[in-house]
Amino acid sequence: MAKKDKILIVGLGLIGGSYAQGLSAKGFDVSAIDTNLDSIQYAMEQGWIMQGSTVDDPELIHEANLIISGLYPTTMVKWIKENQQFFQSHALITDVSGVKTGIVKEVQENLRNDVEFIGAHPMAGKEVSGVRYADAKIFEGANFIITPTEKNTEEAIERVRQLAVDLNFKTISLLTIEEHDRMIGFVSQLTHTIAVSLMNTNDNHDLKKYTGDSFRDLTRIANINETIWSELFLLNKDNLVKEMDEFIQTMEYLKKVIEQDEVEELKYLLIQSTTRRHYFDE
């Protein structure tokens, strides 16, 4: 991206705030809109944004040639519909949403012809929310997914790819919105449902006295924002339920192997698990 770009971030949560921190540090002109006055004031005090507003300021929106939505998916769709009249011609809009099917197409089908929207998903985060926890370091070495459709130009794809480079993401991938949601159903949403299920299985408050790192690591993501994750689960429920069914089948098979003392098969499953996990260390 060119340093002349004027960037507007809508929604200064953890990810929006981390974008603001990282982009301002690279010399970009960043402004923000967030309904929380404290979030705006904090970001300005940190020098992450030059301007901010708690309302949808038409002038602030019109000044931006790159708008990054840090809003929840359905809120983003509504915000774009209500404010696209203020977008400058040829502005590019992108997002950080964890689900794309049903969101991207709705935005693109209702968007002005002289404005472009392209989906993106930074695969990074924390188990806390809010701009006060923002940290652009969470992007360093992380994965970044761009989800172009037939309505997107090569210029827009390259511009969002460069955005990821500027924020120090390591691996940048292009997926269709359908591929994205199938993959996210497994690598992100299923893992969260497993962590949530574990924490809903046992109400023993003394467990913290006995657990080691394995339980803590496995349930780290069970500390979860119920509003956004309920929305993500339900928007992608077809993919997620399919992944949950396959996981349950795998767990049932492992259970049977253990029940029937099938030592060799159990060892095979453990070796296969170890081999596949090593792919992440390459």
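Trainee: What is the bridge partner of F144 in strand 8?
Mentor: I172 is the partner of F144 in strand 8. Strands here are DSSP runs of E with at least two residues, helices are runs of H or I with at least four, and both are numbered from the N terminus. This is a predicted model: local features need pLDDT of at least 70, side-chain atom pairs count only at pLDDT 80 or more, and totals for chains, interfaces and linings use all residues. Residues are numbered from 1 along each chain as its sequence is written, and side-chain values use heavy atoms, with hydrogens and water left out.

Trainee: What makes strand 7 and strand 8 a pair?
Mentor: Pairing takes at least two DSSP bridges between two strands. Strand 7 and strand 8 are joined by 4 bridges and run parallel. I145, for one, stands opposite S173 in strand 8.

Trainee: How does the chain cross from strand 7 to strand 8, and what is the hand of that crossover?
Mentor: The path goes through helix 6, as a right-handed β-α-β crossover. Right-handed means that, with the strands pointing away from the viewer, the path from the first strand over the helix to the second runs clockwise.

Trainee: Which way do strand 6 and strand 7 run, parallel or antiparallel?
Mentor: They run antiparallel, joined by 5 bridges. H121 has I145 as its bridge partner in strand 7.

Trainee: Why does P58 count as partly exposed?
Mentor: P58 has 37% relative accessibility, so it counts as partly exposed. Its place is in helix 3, residues 58-63.

Trainee: What is the strand order of the whole sheet?
Mentor: The order is 3-2-1-4-5-6-7-8, in an open sheet of 8 strands with mixed pairing. Strand 3 (51-53) and strand 8 (171-174) are the edges, since each pairs on one side only. From one strand to the next, the twist averages 20°.

Trainee: Which strands does helix 1 touch as it packs on the sheet?
Mentor: Helix 1 touches strand 1, strand 2, strand 4, strand 6 and strand 7. Its direction makes about 160° with that of strand 1. Axes are lines fitted to C-alpha atoms, for helices over the stretch in contact, and angles run from 0 to 180 degrees between N-to-C directions. Contact means heavy atoms within 4.5 Å.

Trainee: Which residues touch the most other members of the largest nonpolar core?
Mentor: They are I9, L12, Y19, L23, I49, I68 and F144, out of 36 residues. Such a core is a set of buried Ala, Val, Leu, Ile, Met, Phe, Trp, Tyr and Cys residues joined through side-chain atoms within 4.5 Å. A second, separate core of 28 residues includes I61, W79, I80 and L190.

Trainee: How many aromatic pairs are there?
Mentor: The structure has 6. Rings of Phe, Tyr and Trp (its six-membered ring) pair if their centres lie within 6.5 Å; planes under 30 degrees apart count as stacked, over 60 as edge-to-face and the rest as tilted.

Trainee: Why is the pair of W229 and F233 called tilted?
Mentor: The centres are 5.7 Å apart and the planes lie at 55°, so the W229 and F233 pair is tilted. Both W229 and F233 are buried.

Definitions and conventions. Buried means under 20% relative accessible area, exposed over 50%, partly exposed in between (1.4 Å probe, protein chains only).
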